[in-house]
Amino acid sequence: MLRTLRRCAKYGATVVDALVPDRSVDTPTVTPCASCAEPAGRGYPSCLGCAEEVEARWLVDWRDLLAASRASAGAESERELATQVLSATPDAYPWTCVDWSLRLLRCEECGGELGAGDPVCLRCAAADASRWRSWAESDHLLRAAALALRAPQRRRVPVVSALRLVLPFVLAGVPVSRAEVREVRAAVLAGRYTELAALDRLVELVNLPLLPWRRTTVTL
């Protein structure tokens, strides 16, 4: 069920209506990571426990493709398979396999992970754009969040921070709308990241009251 989210227009703010999931009923809660104790996924990609939790969605499909192609993980045959996947037509392989193929290959121009290297690298920009030829709407936020956290230098800081905050809820199966991500990002821009990170329910993140705009008082 959807409801209309409307923030009061005070201090010159614009009223924006957006449809978001109804949070009046209980939703799944996040679980702490056994390695870092943060909500599972928030420490991605530096925390091994969070990395295992996040990357499971990709690895299931990639391992199946490895087996079907008689390729071995870590061997040259895996790199050859990755090149084959990226050379194929859109939707020839699952988007998870496209992403994993990019991770396995290095950019010839900047030396970084292909599609996630230097922000000014044209080859990485082209590879990152081409990956979105194959995607699934239901997994869009999971994919976008994982990519942003793997290559934070290619996204704005508030966007990366907001995606880091909501990723544990996505992993837990909580439906997160784009409107809710924008609400979280607005709170991050207001300097509330520490407060947001201490909350363990999405409804609390989305409804964290924003501080009034600060006004400068000039004394003569």
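## A polar contact at Asp-139

The side chains of Asp-139 and Arg-57 form a polar contact at 3.1 Å; such a contact is a pair of N or O atoms within 3.5 Å, where, within protein, one must be able to donate a hydrogen and the other to accept it, and residues adjacent in sequence count only if both atoms are side-chain atoms. The model is predicted, with local features needing pLDDT of at least 70 and side-chain atom pairs pLDDT 80 or more, while totals for chains, interfaces and linings use all residues. Residues are numbered from 1 along each chain as its sequence is written, and side-chain values use heavy atoms, leaving out hydrogens and water.

Asp-139 is located in the loop between helix H4 (122-131) and H5. Because its relative accessibility is 16%, Asp-139 counts as buried, a term for values under 20% relative accessible area (1.4 Å probe, protein chains only). Apart from neighbours within four places in sequence, Asp-139 is in contact with Arg-57 and Trp-95, contact being heavy atoms within 4.5 Å.

## The chain as a whole

The protein chain has 9 helices and 2 strands, which are DSSP runs of at least four residues (H or I) and at least two (E), numbered from the N terminus. Of its 220 residues, 42% are buried.

## The second largest pocket

The second largest pocket has a volume of about 490 Å³. On a 1 Å grid over the protein atoms alone, a pocket is an open set of points with protein on both sides within 12 Å along at least five of seven lines, a cavity is a set where a 1.4 Å probe fits but cannot get out, and lining residues have an atom within 4 Å of a point. Volume is the space filled by probe spheres set on the points, which are joined across faces, edges and corners.

Its lining has 23 residues, and His-140, Leu-141, Ala-144, Arg-178 and Val-181 lie nearest the centre. H5 gives the largest share of this lining, 6 residues.

## Enclosed cavities

The whole structure holds 3 cavities of 30 Å³ or more. The largest cavity has a volume of about 80 Å³, and helix H1 (48-69), helix H3 (95-104) and H5 each supply at least two residues of its lining. Residues lining the largest cavity include Trp-58, Asp-99, Arg-131 and Leu-147.

The second largest cavity contains about 40 Å³ of space. Among the residues that line the second largest cavity are Asp-128, Arg-131, Leu-147 and Arg-155.

How values were computed:
Buried < 20%, exposed > 50% of the residue type's maximum accessible area, 1.4 Å probe, protein only.
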